[in-house]
Amino acid sequence: MNRRTFLSGVSSGLVAASGCLGSGTSTPVVTDRDVTVVDRGCGEKENTASLEYDTSIDQLHLEGVVSGTTNCGGLDISYTNNESSDRVIVEVIVADSAECPSCTRYYDYEATVSFRETPSVVAVFHSDPELLGDGWTVLLDESKTEKPTTETM
């Protein structure tokens with residue numbers, strides 16, 4: 001499955017599902033992103049992500065493990081949003097598509113994504129160049145919840 005095509009579909013679905021949840025203000029755009037590989041190696045670990053959003057500085061902090069890829073290299077972050085929605089999809093990707101010789105890899109990482117303003121929902125996915133992996137969301141729309149929550153997709 002083509003990752004970009006899938007993410008475009010997911011983004012459209014999030015936008016369609018957002019209905020009247022938008023705040024009517026400008027779209028939250030990513031202003032900065034950074035990912036650091038804390039540990040990597042051969043073998044499989046559970047794909048995990050812990051999302052914490054700091055509304056005082058409009059920044060998402062992620063800690064997690066990307067696992068199950070046969071590709072080597074570092075990690076990168078891409079994102080997409082729709083101009084009419086304040087929902088954002090963030091993707092932690094394996095940046096290099098070169099295959100590791102007979103090795104399934106994992107990457108422990110820490111990352112931050114800074115926004116111009118707080119979005120109502122951020123969805124985070126792990127993927128390698130060809131496959132879309134697990135996903136998580138953080139709901140930040142205070143009119144829909146008393147405090148930010150994290151869900152696994």
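E52 sits in strand β2, residues 48-54. Strands here are DSSP runs of E with at least two residues, numbered from the N terminus. This is a predicted model: local features need pLDDT of at least 70, side-chain atom pairs count only at pLDDT 80 or more, and totals for chains, interfaces and linings use all residues. Residues are numbered from 1 along each chain as its sequence is written, and side-chain values use heavy atoms, with hydrogens and water left out.

Back to E52. Its relative accessible area is 58%, so E52 is exposed. Exposed means over 50%, buried under 20%, partly exposed in between, with a 1.4 Å probe and protein chains only.

E52 also belongs to a surface patch of negative charge, together with D54, E63 and E110. Patch residues have over 30% relative accessible area and no salt bridge; like charges are joined within 9 Å. A salt bridge would be a Lys or Arg side-chain nitrogen within 4 Å of an Asp or Glu carboxyl oxygen.

Next, the cysteines. How many disulfides does a search of the whole structure find? The count is 1, taking a disulfide as two cysteine sulfur atoms within 2.5 Å. C42 is joined to C103, S to S 1.9 Å. The pair links distant parts of the chain, 61 residues apart: C42 in strand β1 (30-42), C103 in the loop between β5 (87-94) and β6 (105-115). The S-S torsion is about -125 degrees, so the disulfide is left-handed. C42 is exposed at 54%; C103 is buried at 8%.

Last, V88, in strand β5. Buried or exposed? V88 is buried, at 0%. V88 and V30 lie 58 residues apart in sequence and 8.8 Å apart in space, C-alpha to C-alpha.

Notes: Patch = residues over 30% accessible without salt bridge, like charges linked within 9 Å, V, L, I, M, F, W, Y side chains within 5 Å. Areas by Shrake-Rupley, 256 points an atom, 1.4 Å probe, with all protein chains shown as cover. Lys, Arg positive; Asp, Glu negative; His and termini not counted. Charge placed at Lys NZ, Arg CZ, Asp CG, Glu CD. Helix = DSSP H or I, 4+ residues; strand = E, 2+ residues; numbered from the N terminus.
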